[in-house]
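This report describes one protein chain for a reader who is new to structural models. Please look at the sequence and the structure before reading on.

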Amino acid sequence: MSATKENAGTVLVLGATGGIGGAVAQNLNARGWKVRALHRNAAKVSAEMPALEWIQGNAMNAEDVRAAAEGVGFIVHAVNPPGYRDWERLVLPMLDNTISAARQVAARIVLPGTMYNFGPDAFPILREDSPQRPLTKKGTIRKEMEARLKAASEEGTGVIILRAGDFFGPNAGNNWFSQGLVKPGKPLTTVTYPGAKGVGHQWAYLPDMAETMARLIERAETLPPFAVFHMRGHFDDEGTGMIAAIRRAADRPHLRVRTFPWWLVTLASPFVPFFREVKELRYLWRKPLEMRNDRLVALLGEEPHTPIDQAVATTLASLDCLRSQTSNNFPAGHSDNALGRASVSS
């Protein structure tokens with residue numbers, strides 16, 4: 001069952017204070033959609049993002065989600081556990097609440113997907129129907145999320161999934177770019193890169209992903225019940241393109257590049273659960289992968305695409321990394337601990 005004409009102009013965004021959820025909410029609001037959002041402290045966030053209709057509630061509470069979904073045509077499921085903790089315990093129940101609410105109000109579910117569903121056996125070219133044999137706990141959960149959505153679509157609830165690479169962009173907090181490559185709030189003195197030269201890597205600029213999701217939502221009536229698409233985004237075919245773009249944005253052509261300390265992650269992973277998760281994701285930086293967008297382009301005619309230099313400069317500015325080097329409070333070449341700021345996107 002797809003959204004009815006009466007409620008097609010209203011969308012509920014779960015996770016509207018996050019990177020992708022916020023970007024989608026802002027994009028749809030600018031297009032004239034009525035955007036509703038659920039939050040545990042609605043009064044506080046409504047003052048910060050007054051353009052949205054904020055509803056008090058918790059994505060872990062089925063009744064809260066159902067009440068917030070009343071009258072909407074779409075539910076964008078972009079919510080993640082705070083701090084990305086307790087994935088095994090929280091992620092699937094939250095999705096089940098979304099599926100239940102969507103079924104009751106005849107809404108279509110929209111999910112921002114990732115490449116974590118796939119193991120290295122599916123590389124180097126990822127297509128929508130590539131086999132999903134994930135190596136990580138998070139990837140296994142992601143695979144199960146899509147399986148539950150597929151089952152829901154077979155029972156009449158429409159689903160749109162847009163998979164993309166590692167996120168970067170303004171207001172994107174938990175990702176490799178902002179907590180691995182650079183240090184937010186500090187002028188650039190080094191870039192810490194997790195991959196190796198010659199190993200291609202897939203990136204996705206959040207405003208481009210939000211624009212793509214908005215265009216898919218507006219074409220929902222032409223889509224099958226279970227519609228899955230890949231974004232090409234910014235494919236760094238040699239593993240050096242993102243570094244070069246950061247250097248150009250900072251106007252520092254010789255900005256030093258440090259290797260991510262995987263050895264330290266390995267040593268600490270038996271004692272630190274977060275490091276175990278980071279270690280599991282190393283294969284994404286050791287094996288080249290490229291997401292093909294033929295299906296998306298066939299539908300939309302093009303993929304929204306911000307030039308890499310503009311995307312990186314905007315991201316670095318939002319992270320306050322482009323301040324004058326004279327404001328730097330430590331010597332050039334200082335090596336801070338990258339592990340203290342390494343994280344991954346959902």
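The sections below go from the whole protein to single elements and residues.

## Basis of the report

This is a predicted model, in which local features need pLDDT of at least 70, side-chain atom pairs count only at pLDDT 80 or more, and totals for chains, interfaces and linings use all residues. Residues are numbered from 1 along each chain as its sequence is written, and side-chain values use heavy atoms, with hydrogens and water left out.

## The whole protein

The protein contains 13 helices and 14 strands; helices (H or I, at least four residues) and strands (E, at least two) are DSSP runs, numbered from the N terminus. Of its 346 residues, 54% are buried. Here buried means under 20% relative accessible area, exposed over 50%, and partly exposed in between (1.4 Å probe, protein chains only).

A contact means heavy atoms within 4.5 Å. Among contacts between residues at least 6 apart in sequence, 79% join residues at least 24 apart.

Strand 7 covers residues 159-163, and five of its five residues are buried. Val 159, Ile 161 and Arg 163 point one way, while Ile 160 and Leu 162 point the other way.

Two strands pair if DSSP finds at least two bridges between them. Strand 5 (residues 108-113) pairs with strand 7 in the parallel sense over five bridges, and Gly 113 stands opposite Arg 163. Strand 11 (residues 226-230) also pairs with strand 7 in the parallel sense, over five bridges; there, Phe 229 stands opposite Leu 162.

## Helix 13

Helix 13 spans residues 308-318, and its residues Ala 311, Val 312, Thr 315 and Leu 316 are buried. Seen down the helix axis, the buried residues fall within an arc of 125°, so they line one face of helix 13. The arc is that of the directions from the helix axis to the C-beta atoms. An α-helix has 3.6 residues a turn, so residues three or four places apart point the same way.

The buried residues of helix 13 pack against several elements, including strand 8 (166-168) and helix 8 (241-250). After helix 13 comes Asp 320, with a positive phi near 60°.

## Backbone details in loops

Ala 106 is not a glycine, yet its phi is positive, about 60°. Ala 106 lies in the loop between helix 4 (87-105) and strand 5 and is buried, with a relative accessible area of 11%. Asp 251 has a positive phi near 55°; this residue is found in the loop between helix 8 and strand 13 (256-259) and is exposed at 65% relative accessibility.

The peptide bond from Phe 123 to Pro 124 is cis, with omega near 5°. Pro 124 is in the loop between strand 5 and strand 6 (125-126).
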